[in-house]
Amino acid sequence: MIKSVPTRATMKDVAARAGVGLATVLRVVNGDANVSNRTKVLVDQAIAELGFRRNDSARLLRQGIAASIGVVLDDVADPFFAMLNRAVEAKAIERHVLAMTVSTGNDAEQARELINALCARRVDGLIVAAPRGTDESYLRHEIQAGTPVVFVDRPPVDLATDAVLSDNLGGARNGVDHLIAQGHSRIACLSDGSDLYSVHQRVQGYWQALANANIAAEAKL
């Protein structure tokens, strides 16, 4: 059995669902005041039911850029994310793809708004470093519609998709193991809030190394 590939809804789909003409849908989407409230309600309802997003990529296509990806990071000024962004840009340029990078400020609501804005522009894929403690299940519709989504630095919450992660736990554990092998036993761990996945993993690696060496951690450190 051949599995059908989900496709995004088009204005024609919206027009058919609402029982109106394509031009009417376009007027509603453009905010034209010369549309009756009843018709606007029908079109808006069809848009919501179909999950329609307007395609804003025509201008880019005219410029000869046929593909684009959205890159969603905490802060492009952060050294780690700046390096990550530069690597993405280099690969995108090599493949003639436009990379559109946005910073969320580690704010979940802002991240959602920015991701929705990128999806409205019909990006061909998303690379996401999600803010701490967020639920990204709202991206499920985009994934089902065929948009590839890859998370970096931290895995998604309640969403089955690809993620590229560093071995933070193993790296921290190896670092502490090295210090223990050098004869140290009073080893402190300095970290940011442990609600961030990468930080949590490093702290876990620290605790594991101490436990494996039968060293009691000192809270005052």
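Predicted model: local features only at pLDDT ≥ 70, side-chain atom pairs only at ≥ 80, totals over all residues.
Helices here are DSSP runs of H or I with at least four residues, strands are runs of E with at least two, and both are numbered from the N terminus. Hi everyone, and thanks for coming. Residues are numbered from 1 along each chain as its sequence is written, and side-chain values use heavy atoms, with hydrogens and water left out.

Let's start with the sheet. In which order do the five strands sit? The order is S2-S1-S3-S4-S5, in an open sheet with parallel pairing; two strands pair if DSSP finds at least two bridges between them. At the edges are S2 and S5, each of which pairs on one side only. From one strand to the next, the twist averages 20°. For angles in this talk, axes are lines fitted to C-alpha atoms, for helices over the stretch in contact, and the angles run from 0 to 180 degrees between N-to-C directions.

Zooming in on one pair, strand S1, residues 68-73, is joined to S2 by six bridges, and the two run parallel.

Helix H5, residues 79-94, lies across S1, S2, strand S3 (126-128) and S4, and runs at about 175° to S1. H6 lies across S1, S2 and S3, at about 160° to S2. Contact, by the way, means heavy atoms within 4.5 Å.

Asn-106 sits in the loop between strand S2 (98-103) and helix H6 (108-120). Its phi is near 60°, a positive value in a residue other than glycine. Is Asn-106 buried, partly exposed or exposed? Partly exposed, because its relative accessible area is 25%; buried means under 20%, exposed over 50% and partly exposed in between, with a 1.4 Å probe and protein chains only. Asp-158 also has a positive phi, about 55°, although it is not a glycine. You will find Asp-158 in the loop between strand S4 (149-152) and strand S5 (162-164).

One more loop residue is Pro-148, between helix H7 (140-144) and S4. With a relative accessible area of 47%, Pro-148 is partly exposed. Leaving aside neighbours within four places in sequence, Pro-148 is in contact with Asp-124, Gly-125 and Leu-126. Pro-148 and Asp-162 are 14 residues apart in sequence, and their C-alpha atoms are 8.8 Å apart in space.

Next, charges. Side chains of opposite charge can pair when their charged atoms come close. I call it a salt bridge when a side-chain nitrogen of Lys or Arg is within 4 Å of a carboxyl oxygen of Asp or Glu. How many salt bridges does that rule give? The count comes to seven.

Let me show you a few. Lys-40 forms one with Asp-44, with the closest N and O atoms 2.7 Å apart. These two are separated by about one helical turn, because they are four residues apart in helix H3, residues 37-50. Lys-40 is partly exposed at 39% relative accessibility, and Asp-44 is partly exposed at 31%.

In helix H5, Glu-89 and Arg-86 are three residues apart, about one turn of the helix. Their side chains meet in a salt bridge at 3.8 Å, N to O. Glu-89 is partly exposed at 28%, as is Arg-86 at 47%.

Then there is Asp-153, which forms a salt bridge with Arg-154, the closest N and O atoms being 2.8 Å apart. Are these two buried or exposed? Asp-153 is buried at 9% relative accessible area, and Arg-154 is buried at 4%. Together with Asp-74, they are linked in a network of salt bridges.

On a 1 Å grid over the protein atoms alone, a pocket is an open set of points where a 1.4 Å probe fits, with protein on both sides within 12 Å along at least five of seven lines, and lining residues have an atom within 4 Å of a point. Among the lining residues are Asp-74, Asp-153 and Arg-154, along with Phe-80, Phe-81 and Arg-202. H5 and helix H9 (197-212) each supply at least two lining residues. Which helix gives the most? That is H9, with three residues.
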